[in-house]
Amino acid sequence: MTKAEMTIKIANETGVEQNVVKQIVQLTLDDIIGVLVSEGRLELRNFGIFEVVQHKARKGRNPRTGADVQVPPRKVVRFTAGKVMSAKAAGISEGPVIRVEPSV
């Protein structure tokens with residue numbers, strides 16, 4: 001599913017205009033990035049944890065030439081799924097459903 005498809009789905013389910021939903025989705029994603037940059041960790045209950053982790057420098061190998069190369073240290077974002085998400089993805093449990101009714 002793409003961000004555009006998600007926006008259309010949310011707009012259809014809530015009755016809110018697509019432009020408003022698109023702005024809300026984009027603001028949410030921008031805030032997630034902002035928190036990861038400033039704090040390095042974001043925990044969303046029943047969904048999962050986003051965390052910035054540092055990978056150490058290491059030796060690597062160029063697959064074309066076989067030559068050894070030094071891979072520099074870098075930061076990456078790690079996501080760990082929460083219990084509810086893991087259970088639903090595995091088809092084990094329904095888990096709690098959180099719905100927000102639109103105020104029209």
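**Exercise 1. Determine whether V21 is buried or exposed, and place V21 in the fold.**

Solution. V21 has a relative accessible area of 5% and is therefore buried; buried means under 20% relative accessible area, exposed over 50%, and partly exposed in between, with a 1.4 Å probe and protein chains only. The model is predicted: local features need pLDDT of at least 70, side-chain atom pairs count only at pLDDT 80 or more, and totals for chains, interfaces and linings use all residues. Residues are numbered from 1 along each chain as its sequence is written, and side-chain values use heavy atoms, without hydrogens and water.

Next, V21 is located in helix α2, residues 18–38. Helices (H or I, at least four residues) and strands (E, at least two) are DSSP runs, numbered from the N terminus.

**Exercise 2. State which residues V21 is in contact with, leaving aside its neighbours within four places in sequence.**

Solution. With those neighbours set aside, the partners of V21 are T7, I10, A11 and V16, where contact means heavy atoms within 4.5 Å. As a further step, consider I8: 13 residues separate I8 from V21 in sequence, and their C-alpha atoms are 8.1 Å apart.

**Exercise 3. Classify M6 by its relative accessible area.**

Solution. M6 belongs to helix α1, residues 3–14. Its relative accessible area is 36%, so M6 is partly exposed.

**Exercise 4. Describe the fold of the protein along the sequence.**

Solution. First, the elements are three helices and five strands. Second, their order reads α-α-β-β-β-β-β-α. Finally, 15% of the 104 residues count as buried.
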